[in-house]
Amino acid sequence: MSYRRTLKLICGFAGGSAALVFAAAAADSRGYFGENRGSGASRWSGLAVLYAAQPGWSPGSHTPTPTGPGWDSNWDKRDPSVLSNGRRKKESVTEDPSSEQDNSKPKATRHILLIRHSQYNLSGNGDTERILTPLGREQAELTGQRLAALGLKYDVLIHSSMTRATETAHIISKHIPGVELVSCDLLREGAPIEPVPPVTHWKPDAVYHEDGARIEAAFRRYIHRADPKQKEDSYEIIVCHANVIRYFVCRALQFPPEGWLRMGLHNGSITWLTIRPSGRVALRTLGDAGFMPPDKLTRT
């Protein structure tokens, strides 16, 4: 069988990675890596860099070897199996445990759309003067139009009590009439945790401790699987701030939260988290601003 036919056969059976290694082996044996190798023991030494570039595989399973901690299915402390087991110890053994556990299982999916506030006046003295700029109001209109165009049945629009987030939420609400507006102090901007790698231009020092507790409390209030009593999927909008959104994403995906500052979000952008009844979390979009013209994009 010719070399070319053999290569095609391997491609068909094992895919591109196997073909790459086979081709490299043939080239190595012919001296294409700089010398002509004769012995079997030394023949594969030229492939060391190729081997290092391959992903780690566990034998027999053909799945990547885990490199970090596993997924915590009870991350929101609402795993029905854990909750029901704790209650069952205190109740009569004559009750049907399977029926109880089934009734305590969430059945709906929660969709949480996190909106970063629009551009605002950075030179304002205090929160009340840091109102949206004319461009910021345009951005909020575009975000509201986008949310309306999605055609979803929104359940609530929650917003940070800071001026720029409140203004953004009120502009958006015009495009989705009938959706309840709720203000929340926990969603105010702050420094959730000291970032890694550290930054030199921004050092909130002690506020990490104070803001971090508040923003973590906001995460626990809003980011969790559905209550077992919820019958239908829900779509909730939260208008807040970049630091809060980035921290929420890291915590929800069980990524190291100190990496929050490595993400960048445009003003008025949409970040979409989906939380399944099982507790599985998916990030559908991160900082989506593709619905805005390029000249309207800012990150201030």
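Reader: Hi! Which helix gives the most to the lining of the largest pocket?

Author: Helix α10 (residues 242-252) does, with three residues. This is a predicted model, where local features need pLDDT of at least 70, side-chain atom pairs count only at pLDDT 80 or more, and totals for chains, interfaces and linings use all residues. Residues are numbered from 1 along each chain as its sequence is written, and side-chain values use heavy atoms, without hydrogens and water.

Reader: What makes a residue part of the lining of a pocket?

Author: A lining residue has an atom within 4 Å of a pocket point; on a 1 Å grid over the protein atoms alone, a pocket is an open set of points where a 1.4 Å probe fits, with protein on both sides within 12 Å along at least five of seven lines. Here 16 residues line the largest pocket, and Arg 116, Glu 189, Ala 242, Asn 243 and Arg 246 lie nearest its centre.

Reader: Why is Arg 110 called buried?

Author: Buried means under 20% relative accessible area, exposed over 50%, and partly exposed in between (1.4 Å probe, protein chains only). Arg 110 has 4% relative accessibility, so Arg 110 counts as buried. Glu 236, at 11%, is therefore buried too.

Reader: What makes Glu 236 and Arg 110 a salt bridge?

Author: A side-chain nitrogen of Lys or Arg must lie within 4 Å of a carboxyl oxygen of Asp or Glu. The closest N and O atoms of Glu 236 and Arg 110 are 2.7 Å apart, so the pair qualifies. The pair links distant parts of the chain, with Glu 236 in strand β4 and Arg 110 in strand β1, 126 residues apart. Helices (H or I, at least four residues) and strands (E, at least two) are DSSP runs, numbered from the N terminus.

Reader: How do you know that Arg 214 forms a salt bridge with Asp 211?

Author: The closest N and O atoms of Arg 214 and Asp 211 are 3.5 Å apart, so the distance passes the cut-off. Both residues lie in helix α9, three residues apart, about one turn of the helix, and both are buried.
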